[in-house]
Amino acid sequence: MNETFKAAIYVRISRDAAGEGLGVQRQLEDCRELADDHGWPVVRVFEDNDISAYSGKNRPGYNALLAAMEAGEVNAVIAYQLDRVGRTMPKLADFIALCAKKEIGLYTVKGGNLDLNTAMGRTWAHVSAAFAQGEVEKMIERMKRAYQQQAVAGKWRPRRRVFGYNADGSALDPLESTAVREAVQSVLNGVSVRSIARQWNTAGLITTGNANKWTSPTVRRILVNPRYAGISTYDGREVGTGTWPTVIDRDQHLAITAYLSDETRRSGTGFERKFHGSGVYVCGKCGAKMVTTTKSGGYRVYKCSAQAHLSRQQAALDDYVSLLVIGRLNRPDARLKLDTPDIDLTAMYARREGLQARQSELATMFAAGTVTGPQLAKATADLTEQLTEVDETIAACTLVNPVAQLVLADDTLESTWDRLEPDTRGKIIDALMTVTVHPSPLGQRKFNPEFIDIEWKKPWKA
Ligand SMILES: [Zn+2]
């Protein structure tokens, strides 16, 4: 700290859009940060709030600041912007003259500093430059700060209605919010984003944007939007807890985000199975995967995807494999075979809460001036890193394993299996076994399981 330096902060708000004095708080935070960055002790803080009929005529804070400057109590003044200390040129000129007389430095967060050790002419150049800086730019800056502040406070900010909510976010739209909740669960269970888009279009759900129809990218954006889990963000980062009703919980949000961040699921335009053996069953002649094709007369078969040398009846083969899957998973040992992660989720949540509490404690200390800007920044970075780690662990545990989903379903295995999308069934088959289709003798027209080889994968053997 520079002991000879005695800084005063002056903040003034003329019209606070939020109307809650946040404006002054914002300016103060930034001014303190400027002082901290330079290691200047702040000895006094003066503030004025001009909202009211007085509109700038009566400024006790400003007058007290001038008195302190006259009395030699401070040798530097920190303001958010030059127009805070004098909105009109004559006022500002008076202020600068006082600074010059008492050898007081003037530092602003947004407008740079005035070097008063040089000639007045040069000083005026600075002042003019500061004023020439567009009013628009300043306004945008103020709006951005206000926006950030609102995000931290968990306020609802979107101007356009958000799918699933009413216009001001105070209540859920029952139909849309249910659609979002169910879609998140379905996608975690293996349903493709593309098929959700199709379902929503069929159900007549309307986007709140300009698009007429739901597409994979628009649905995907909805599914990963943290707003539905009550997470308030600014610049893509989580900054607070929303004050609006939630559609899904935090874990579901983490899980769906992790799940969809996998590149293969991102576009939703990738391979989508229509029959559960496509890309799963193996050709017994060459080892290539099998795919479906429709023969003349609407008769569907699986055929080798590499060469035209092997095919098998689709419906019969699929039914046979379904029976094997259900039979295997119905055995009492199925639950034991599930690969459950050995992580104490309750402890993870406790750790998460602890880290969050520490974060808000730091923010309070910073606001009270007991923690400096650089200290806060460092501590916040450390905490964020730890939080990310915890969130990733929770997401990994929550990510639904399709086989577990089937085994642990409340309904019977048979009916659950039938309800699953072919894509999910394919993943389950792939997790359990290798299905190899061998050539059947010439003249063999009826499906015969004898020529299908089933090899169970590791935990499912025997
Ligand atoms: Zn083949």
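This is a predicted model: local features need pLDDT of at least 70, side-chain atom pairs count only at pLDDT 80 or more; totals for chains, interfaces and linings use all residues.
User: In the open sheet of 3 strands, which are the edge strands?

Analyst: The strands of this open sheet follow the order E8-E12-E13, and their pairing is mixed.

User: In what sense do strand E12 and E13 pair, and which residue in E13 is the bridge partner of Thr-436?

Analyst: Strand E12, which covers residues 433-437, pairs with E13 in the antiparallel sense over 5 bridges. Within this pairing, the bridge partner of Thr-436 in E13 is Asp-453.

User: At about what angle to E12 does helix H18 run?

Analyst: Two helices lie across E12 and E13, one of them being helix H12 (residues 314-329), which runs at about 25° to E13. Helix H18 (residues 422-432) also lies across these strands, and its angle to E12 is about 95°.

User: Which element gives the most residues to the largest nonpolar core?

Analyst: The largest nonpolar core has 32 residues, of which Tyr-281, Val-325, Leu-329, Leu-432 and Met-433 touch the most other members. Elements giving two or more residues to this core include H12, H18, E12 and E13. The one that gives the most, with 5 residues, is H12.

User: Which residues is Met-433 in contact with, leaving aside its neighbours within four places in sequence?

Analyst: Met-433 is one of the core residues that touch the most other members. Once the neighbours within four places in sequence are set aside, its contacts are Val-321, Leu-324, Val-325, Ile-454, Glu-455, Trp-456 and Lys-457.

Note on methods:
Residues are numbered from 1 along each chain as its sequence is written. Side-chain values use heavy atoms; hydrogens and water are left out. Two strands pair if DSSP finds at least two bridges between them. Helices (H or I, at least four residues) and strands (E, at least two) are DSSP runs, numbered from the N terminus. Contact means heavy atoms within 4.5 Å. Axes are lines fitted to C-alpha atoms, for helices over the stretch in contact, and angles run from 0 to 180 degrees between N-to-C directions. A nonpolar core is a set of buried Ala, Val, Leu, Ile, Met, Phe, Trp, Tyr and Cys residues joined through side-chain atoms within 4.5 Å. Buried means under 20% relative accessible area, exposed over 50%, partly exposed in between (1.4 Å probe, protein chains only).
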